[in-house]
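Subject: the structure you asked about

Hi,

Here is the structure I promised to send over. Have a look first, and then read my notes below.

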Amino acid sequence: MERSLFGFIIRYSKRDQLLIVPLVLASMVVYFLSLDLPKTIINQAIQGKSFPNPGSTATFLSIHFSLPAFLGGRPVSLFEGFELERLPYLLALTMALLGTIVFNGWLKFQINTMKGWMGERMLRRLRYALFDRVLRMPLPRFRRMKSAEIASMIRDEVEPLGGFVGESFVTPLLLGGQALTALFFILYQNAALGTMALGMVTVQTVLIPRLRRRLLVLAKERQIAGRQLAGRIAECVDGVVEIHAHDTSNFERADIAARLGKQFNIRFEFYQRKFLVKFLNNFLSQVTPFLFYLIGGYLVIVGKLNLGALVAVIAAYKDLPSPVKELIDWDQQRLDVQIKYAQVVEQFTDEDLAAPETQALIERPQLPQGGRIVASNLSLVDESGARAVDGISFEAGLDEHVAIVGPHACGAGELAQLLARLVTPSGGTIEIGGIDITRAPEAVTGRAIGYVGSSSYLFPRSVRENLVYALKHRPVTEAAYQGDAQREHAFQMREAVRTGTSLLDVNAEWVDYAAAGVSGPSEMEARIVEVLRVVDLDETIFELGLRSNADAARSGELAEPALSAREAMRERLGSLGIQDWVERFDPARFNRNATLAENLLFGTPIGKTFDIENLAKNGYVRRVLQETGLLGDVLRTGHKLAETMVELFSGLPPGHEFFERFSFIRHEDLPNVKAILARAADVGLQGLDEPARNELLGLPFKLISARHRLDLIDEAFEVRILEARRYFAAHLPPEMKGAVELFDPARYNNAASLQDNILFGKVVTGRAEATARIGALLRQILDELGLRPLVLRIGIDYQVGVGGARLSAADRQKVAIARALLKRPAVLILDQATALLDPASQQRIVSRILEYRKSQSVLWVLTQAGMAERFGRVLVLDRGRLIEHGAFDELKCAGGVLHTLLKSD
Amino acid sequence: MTLEQEVELIRQIPIFSKIDPAMQKLLCFSSDRLTYEPGQVMFHVGDTADAAYVVIDGIAEMTVPTTAGEHIVVNTLGRNAVIGEIAIFGSVPRTATATAKTRLETLRIAKDMLVEVIRKNPDAAIEMIRILAERLANTTALLQREGSRTR
């Protein structure tokens, strides 16, 4: 990458820059004309110098001028022109002036547009190049760089560079040309005035940049402080658990406040200087016209200068300071972005950057087919200079299972990363199936080797996307475009070529099904389920499928099976004589195992509109209650409920877990509720103010008759709620139709989970183990109807959240292992990949994976030496050295390190 | 049955009879009403304990397995009896298996609630000790009988 900004600009935008030059030159000529025309208008047309008699004519558009004296002063004539009378002559001249103005505007418009394009193209190229470098940086580098700082550099810090690229050559040319034209024009009119203007400009151009030097230092400080602030904020977000756990929020506040203070200081000084410079600059440019009026006026009076020339000089001078000022600004900007560029590029420069060929796209790389893993004299010197891996040599067949064990910090993790070629060895070689892995491109290592570390990263997408991620090495099938999309794609490709960015199409099919050993998406489902079973995740995914809301796009596929399962469930409950274990949603009946809210809405809320917490305040719900005469009932119920809660929970200390588990009122709200009750005792329920009534109205919606047994909803109340339910559905305003999906025995409910759709009701409270037995029954029915794959499919669509946070840490590891298994690597390297799991699951997963990878290579860094028993070969490491190597049975009783490790397990 | 009726019932039970009425109500409110079918097992010996049960209606049978694989009935409990309190206060696994002999209605009192009640009410604690002492005497007598029979 070019070390200097101008090197970068010249190398990649030379052609574009040169294309603008003719336009700039043309604009100079037009600009000169626009200065010269007013003089002619005043002197010739208005003052009538060319028209001594009423009938005389003047020549318009005759192009002739005298060469300057140093060129011989010979008159040159290019066009004879038209003869015009005085008024038409004035008209023609002013029209010509208008023409030059319009033409000049058009030229500027063209130049600006081209500059904009050029800048954006260069910015695109630069950002892409920086990102490309991030992908090629060696892993240890990331221990020193914060992700937020990298993002801040690529996104924000290079932004001004894009603007500058367009300005880099054109602006000095344009502005310099303009200034020179104006200066030349003034000099041409009058040498004295010209010298004066030149003197002022010289002062400006020498003095101002000097004053601005300190500004550059400040700008650099500001850039670094800004980047560090972004890094610190990201740190706080990543470490938020530690902040809460150790009560350090105020320390972090202080730190950020101090940083903001530092930024303020930098900016304060920056602004002070900036505005001082601005003041000086303005003063210098405005003092000149004063001199012009004084001296120029004197010259006109004494007859050494004509009035038209003075007006033109003043007009020309009006245009002089601004190009000069902008030129100075440009110079300032140049220094500023040069510093920024150097700063950023320095961060992305690394001698150990992987060569681009390492990550080149290879359609069908030669992958190891059988053979052996041969590590010879491997060593790795870490950043502190210690030998983390020290001269390790071993051989193992590609059909063997190898366990790597050792005491803490024995170098096994580093060895695993070396074998996976995630770090480059400081010395030694690794061959897998005859291929030198230390030199092979990632197209080979990334496909032949599956590596899973102890805490793997999941992308915030679905489980499926995370699994097939390992198969996206190259676009397998090009995307098909038609019509506008095709034109757009062609345009994007042309631009990509121009800016040196990747030509690969992100919309193509990247998933390499063949690499997973399947023919296409449908077979892939089966493969995914297979690997999920190996890592013991299929039940979890099944549960997720049952309990999460399926993607609305799947509803078409789901509706029919879900409804048949609903029917089957109903029949099964009946045939087992336990139909009363589930209270189904019946439009004509009150459901005593559902909340009052569910009974009223008789549907699943979507979004916040009809959320149980917001119901009392919802205008439409209030109207429904009012119209059906239920408002009084609900208010009275809320009042009784409040009394009961106050009676039950007043004696408990704040923060007692019962509030969370049983109370309708939070402890901190108790005093308020008590006050409301006291007021209600005085003035009656109707006398309460709106907030108090809202508070009481909000309480009963969570009431479940059967569970809470408070006897607050009698049969007459139930009947009125049914009326309100009908009213609610019948009068639902169109804009709220999307906020609730009503229960319908004959329809699939998109807003509810599959489980809720099948049960279509509530498991009754008070039946011992009813939930567990109904759950088992549900699974049995799904199996009988052959719906298990469908449920799994929904589960595989489950969104794992940022960093996989919606899955448990153990499940994240399982997904990561499944991802590595899916691509069928020649070598599977597991670096303490199951350390987060409990011992029993670890045992189970180790057995399953070894069984699944029978006669295929597995290298496993184990945390428990005892598990090495299941492996054909054991490597025992200590302090970076391989100290024992052989079969488990030979090593375990030899009295060596493995023996000691086994005892301490 | 409503909460009020359950409170009435709780008052009949010696452990809970003398505690504060608001506490009695909270005890019922925070507990689950559970119905077991005849033959349904409430808990097995060795399970970890998270709750005790008050029998509202029906009969429960407590059994312990012998080494020979048989089950000795150690107790039969009816209305107003408390089941499963030993494991809660002893922090040990269930000492016996509880099975519903008839259709059995119970109030399931969570461990932390019961501990709270005992901690706050000395009368309830004494009553609890009385029950446990009685159980111990019962079991000792049973063991003596069994011992003399097998000898």
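Helices (H or I, at least four residues) and strands (E, at least two) are DSSP runs, numbered from the N terminus.

Also, this is a predicted model, so to speak of local features I need pLDDT of at least 70, side-chain atom pairs count only at pLDDT 80 or more, and totals for chains, interfaces and linings use all residues. Residues are numbered from 1 along each chain as its sequence is written, chains are lettered from A and ligands numbered from 1 in the order in which they are written, and side-chain values use heavy atoms, with hydrogens and water left out.

**A sheet in chain A**

Chain A has 32 helices and 18 strands. The part I looked at is an open sheet of four strands in the order 6-5-8-9, with antiparallel pairing. Its edges are strand 6 and strand 9 (435-436) of chain A, each of which pairs on one side only. As a reminder, strands of a sheet pair through backbone hydrogen bonds, either parallel or antiparallel.

Going across it:

- Strand 5 (residues 372-381) and strand 6 (residues 387-397) of chain A are antiparallel, with seven bridges. L378(A) sits opposite I392(A) of strand 6. The two strands make a hairpin with five residues between them, and G385(A) in the turn has a positive phi of about 90°.
- Strand 5 of chain A is also joined to strand 8 (residues 427-432) of chain A, antiparallel again, by five bridges. Here V374(A) has E431(A) as its bridge partner.
- Strand 8 and strand 9 of chain A pair antiparallel over two bridges. On this side E431(A) stands opposite D436(A).

**Chain A overall**

How does the radius of gyration of chain A compare with that of a compact globule of 905 residues? Chain A has 40 Å, whereas the globule would be near 29 Å. (The radius is taken over C-alpha atoms, and the globule rule is 2.2 Å times the number of residues to the power 0.38.) The C-alpha trace spans about 125 × 90 × 55 Å along its principal axes.

Of the 905 residues in chain A, 46% are buried. Buried means under 20% relative accessible area, exposed over 50%, and partly exposed in between (1.4 Å probe, protein chains only). P789(A) counts as partly exposed because its relative accessibility is 47%. Its C-alpha is 8.8 Å from that of F542(A), 247 residues away along the chain.

For contacts (heavy atoms within 4.5 Å) in chain A between residues at least 6 apart in sequence, 75% join residues at least 24 apart.

**Chain B**

Chain B has six helices and eight strands. From the N terminus, its elements run α-α-α-β-β-β-β-β-β-α-β-β-α-α. Its radius of gyration is 16 Å, close to the 15 Å that the globule rule gives for 151 residues, so chain B is as compact as a globular protein of that length. The C-alpha trace of chain B spans about 55 × 35 × 25 Å along its principal axes, and 48% of its 151 residues count as buried. Among contacts in chain B with a separation of 6 or more, 73% are between residues 24 or more positions apart.

Cheers

Conventions:
Two strands pair if DSSP finds at least two bridges between them.
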